[in-house]
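The stops below take you through the sheets, then the cores, and finally a group of rings and charges.

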Amino acid sequence: MAILSNWESLPGVVARQGVVRKVFSGNNSMLALNELKAGTKPNLHSHPEEQLTYILSGKAEFVLGEEVLMLKAGDLLLVPPGVPHSLKVIGDETVLNVDVFSPIREDYR
């Protein structure tokens with residue numbers, strides 16, 4: 001049975017100041033759309049799920065463990081489980097990014 005939705009119809013959740021998240025998930029994987037406004041403070045964190053990140057728009061500084069990466073629209077990144085990471089918006093443009101988590105993040109449900 002198909003489960004169909006649209007980003008526009010999904011409710012946005014304020015994850016923290018300056019960050020709105022929308023989530024779509026199945027039983028084993030999860031897709032999250034994040035909107036990060038300029039000036040949003042980075043939030044260094046880690047989690048046991050593998051994360052794939054795709055930058056749709058904007059520019060960001062992504063800290064991944066000991067590395068600092070500059071990401072822009074079109075860039076893809078693998079965040080291994082348990083590795084501390086954060087994203088900081090660079091410039092005035094809002095960053096839109098899609099994250100895929102496997103297994104799903106229970107704290108995002």
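Begin by selecting the open sheet of six strands, whose order is β1-β2-β3-β9-β4-β7 and whose pairing is antiparallel; strands here are DSSP runs of E of at least two residues, numbered from the N terminus, and two of them pair if DSSP finds at least two bridges between them. Because β1 (13-16) and β7 stand at the edges with a single partner strand each, one side of each is left without a neighbour in the sheet. From one strand to the next the twist averages 30 degrees, taken between axes that are lines fitted to C-alpha atoms, with angles that run from 0 to 180 degrees between N-to-C directions.

Before going further, note that this is a predicted model, in which local features need pLDDT of at least 70 and side-chain atom pairs count only at pLDDT 80 or more, while totals for chains, interfaces and linings use all residues. Residues are numbered from 1 along each chain as its sequence is written, and side-chain values use heavy atoms, with hydrogens and water left out.

Next, select the open sheet of three strands, which has the order β6-β5-β8 and antiparallel pairing. The edges are taken by β6 (67-72) and β8 (85-90), and since each has a single partner strand, one side of each is left without a neighbour in the sheet. With direction ignored, neighbouring strands of this sheet are turned by 25 degrees against each other on average.

Now centre the view on β5, residues 59-64, which is joined to the antiparallel β8 by six bridges; V63 has S86 of β8 as its bridge partner. Six bridges also join β5 to β6, again antiparallel, and A60 stands opposite L71 in β6. In the hairpin of β5 and β6, two residues lie between the strands, and G65 takes a positive phi near 60 degrees.

Which residues make up the largest nonpolar core? Select V19, L36, I55, A60, F62, L64, L71, L77, V79, L87, V89 and V95, twelve residues in all; such a core is a set of buried Ala, Val, Leu, Ile, Met, Phe, Trp, Tyr and Cys residues joined through side-chain atoms within 4.5 Å, where buried means under 20% relative accessible area with a 1.4 Å probe and protein chains only. At least two residues of this core come from each of β5, β7 (76-79) and β8, and β5 gives the most, with three.

Apart from this core lies another, of five residues, among them A32, F101, I104 and Y108. Select F101 and Y108, which form an edge-to-face aromatic pair at 5.4 Å centre to centre with 85 degrees between the planes; rings of Phe, Tyr and Trp (its six-membered ring) pair if their centres lie within 6.5 Å, planes under 30 degrees apart counting as stacked, over 60 as edge-to-face and the rest as tilted. F101 is buried, at a relative accessible area of 0%, and Y108 is buried at 15%.

Conventions
Helix = DSSP H or I, 4+ residues; strand = E, 2+ residues; numbered from the N terminus. Buried < 20%, exposed > 50% of the residue type's maximum accessible area, 1.4 Å probe, protein only.
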